[in-house]
Amino acid sequence: MKTFFKILLGIAALLIITMLVMGKKYHFETSAVINAPADKVWEHMSSMKAFNQWNPFMDFDPNVKVNYSGNPGQVGDQYCWEGNDDAGKGCHIVTALIPNQKQSTKMLFEKPFESDATSDLILTPQGNSTKVTWTMDCELDYPMNLMKFFMDSQMEKSYGSGLQKLKVLAEK
């Protein structure tokens, strides 16, 4: 029985040390090259309505309720959503725009848990094509920061799917 408790204590200590070493900050980014000029790609991301045409998170709930507000294509343009347990509830707000170069946003999540994150879509011309880099930054409280081990693959799946949809739209 003492051995069992020593093993259990060792596992707990290892988890605590791992949480502390990993820290709270999380950064993810992925990219895709789209065979279209930056201004054509920009058309599909310059407003929240345009963004939601390829936003992979809209696929989480086909019946998600979306409410747009603000001026499309300007700082403050936003949408708030409420959906099933997979989609959750929150708002996505444009915080900065540099036409044909960069869109910055803040995401405020209410459900399934309260959290916030920032995200950038960065366009980099590459000849006749455009490299689109999509980033996300957030802080994960302890012990939620242990999810970092699994987040990259899930984020790549979601963001990668979105970038592929954007590619199809922009290359038409």
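Helices (DSSP runs of H or I, at least four residues) and strands (runs of E, at least two) are numbered from the N terminus. The model shown is predicted: local features need pLDDT of at least 70 and side-chain atom pairs count only at pLDDT 80 or more, while totals for chains, interfaces and linings use all residues. Residues are numbered from 1 along each chain as its sequence is written, and side-chain values use heavy atoms, with hydrogens and water left out.

**View 1. Overall arrangement of the protein.**
The protein contains 4 helices and 7 strands, which follow one another along the sequence as α-β-α-α-β-β-β-β-β-β-α. Of its 172 residues, 38% are buried (buried, under 20% relative accessible area; exposed, over 50%; partly exposed, in between; 1.4 Å probe, protein chains only). Among contacts (heavy atoms within 4.5 Å) with a separation of 6 or more, 52% join residues 24 or more positions apart. The protein exposes about 10200 Å², and carbon and sulfur atoms supply 59% of this area (Shrake-Rupley method, 1.4 Å probe).

A pocket is an open set of points on a 1 Å grid where a 1.4 Å probe fits, with protein on both sides within 12 Å along at least five of seven lines; lining residues have an atom within 4 Å of a point. The largest pocket holds about 930 Å³ of space, a volume filled by probe spheres set on the points. Its lining consists of 38 residues, and those that lie nearest the centre are Phe57, Phe109, Phe113, Met136 and Met155. At least two lining residues come from each of strands S3 (78-82), S4 (89-98), S5 (102-111), S6 (115-126) and S7 (129-139), and from helix H4 (148-170). Helix H4 gives the most, with 6 residues. By type, the lining of the largest pocket has 23 nonpolar, 6 polar and 9 charged residues (nonpolar: Ala, Val, Leu, Ile, Met, Phe, Trp, Tyr, Cys and Pro; charged: Asp, Glu, Lys and Arg; polar: the others, Gly among them).

**View 2. The disulfide of Cys80 and Cys91.**
A search of the whole structure finds 1 disulfide (cysteine sulfur atoms within 2.5 Å). The sulfur atoms of Cys80 and Cys91 are 2.0 Å apart, and the link is right-handed, with 105° about the S-S bond. Cys80 is partly exposed, at 23% relative accessible area, whereas Cys91 is buried, at 14%. Another cysteine, Cys138, is buried as well, with 12% relative accessibility.

**View 3. The loop between S4 and S5.**
Asn100 belongs to the loop between S4 and S5. Its phi is near 65°, a positive value in a residue other than glycine, and Asn100 is partly exposed, with 30% relative accessible area. Gln101 is found in the loop between S4 and S5 too, and is partly exposed at 44%. Leaving out residues up to four places away in sequence, Gln101 touches Trp42, Leu121, Ile122 and Leu123. One of these, Leu121, is 20 residues from Gln101 along the chain, with 8.2 Å between the C-alpha atoms.

**View 4. Thr118 in strand S6.**
Strand S6 contains Thr118, which is partly exposed with a relative accessible area of 36%. Beyond its neighbours within four places in sequence, Thr118 is in contact with Thr105, Lys106, Met107, Thr135, Met136 and Asp137. Asp137 is 19 residues from Thr118 along the chain, and their C-alpha atoms are separated by 5.3 Å.

**View 5. Ala32 in strand S1.**
Ala32 sits in strand S1 (residues 25-34) and is buried, at 10% relative accessibility. Apart from residues up to four places away in sequence, Ala32 touches Thr130, Lys131, Val132, Leu163 and Gln164. The C-alpha atoms of Ala32 and Trp134 are 8.8 Å apart, although the two residues are 102 apart in sequence.

**View 6. Lys172 after H4.**
Lys172 is found in the segment after H4. Its relative accessible area of 70% makes Lys172 exposed.
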